[in-house]
Amino acid sequence: MRTAILISGRGSNMVSLLAAMAAPGYPARPVLVLSNRENAGGLALTGSVPTAVVTSRGREREAFEAELDRVLVAHGVEFIALAGFMRVLGEGFVRRWQGKMINIHPSLLPSFRGLDTHARALAAGVRLHGCSVHWVSPGVDEGAIIAQAAVPVLPADDEAALAARVLAQEHSLYPAALAMVTGGQPMLPGGDGALACGWAP
Ligand code: GRF
């Protein structure tokens, strides 16, 4: 499956996806890393995978999304993995790619949709937090959940500590989930079956 990874920032999930995709037999192949920000750190970490920038700043949504779609089609993209792509996509674009576009979100959905998930989890006093891979649908962070990984919230946690614990899980969950949806096969660390991962100290 010819896959594009869409980023806006440092790209650590992109790096973990690219590493997994390099393994023989992995069902998705990276054909493009695309950023809506030209200064996204991840753009320097793509190795031999082509990159593109489609600027979103200061542009009408329709013009931005039309160009985004054009670039994706020009690269023969069949599947999209959003990985820290910080621009909400409009209904038209989402419907066009529905069933072919997934996202990773740093919370156990449906809790803490939107931004600042780790601070909000700490403020809410939850004892379990984590990350979710989900289909992208027109409602932000509302699409069907594909896979989740949970971590404990520890007494000494601040936002950075909790974010780091979740991010480590993101880096194994996302490649496993992408493999499952593009290959129809569970590819999980430690076995097959349900797509859920846990934290190990
Ligand atoms: C991750 O926490 C991801 O869950 C969220 O944005 C962040 C992106 O981080 N959607 P990175 O750019 O992959 O390091």
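The following legends describe close-up views of a predicted model. Local features require pLDDT of at least 70 and side-chain atom pairs pLDDT 80 or more, while totals for chains, interfaces and linings use all residues. Residues are numbered from 1 along each chain as its sequence is written, and side-chain values use heavy atoms, with hydrogens and water left out.

**View 1. Residues surrounding the ligand.** The shell consists of Arg10, Gly11, Ser12, Asn13, Gly84, Ile104, His105, Pro106 and Glu170 (a heavy atom within 4 Å of the ligand). By class, 2 of these residues are nonpolar, 5 polar and 2 charged (Ala, Val, Leu, Ile, Met, Phe, Trp, Tyr, Cys and Pro count as nonpolar, Asp, Glu, Lys and Arg as charged, and the others, Gly among them, as polar).

View 2. A polar side-chain atom of arginine 10 is 2.4 Å from a ligand oxygen, and one of serine 12 is 2.5 Å from a ligand oxygen. Asparagine 13 instead places a backbone N or O atom 2.8 Å from an oxygen atom of the ligand. Of the 370 Å² of accessible area that the ligand has on its own, the protein covers 86% (Shrake-Rupley method, 1.4 Å probe).

View 3. Glutamate 65 pairs with arginine 61, their closest N and O atoms being 3.6 Å apart (a side-chain nitrogen of Lys or Arg within 4 Å of a carboxyl oxygen of Asp or Glu). Both residues belong to α2 (residues 61–74), 4 residues apart, about one turn of the helix (helices are DSSP runs of H or I, at least four residues). The whole structure contains 5 salt bridges.

Definitions and conventions: Polar contact = N/O pair within 3.5 Å; in protein donor to acceptor, adjacent residues only side chain to side chain. Helix = DSSP H or I, 4+ residues; strand = E, 2+ residues; numbered from the N terminus.
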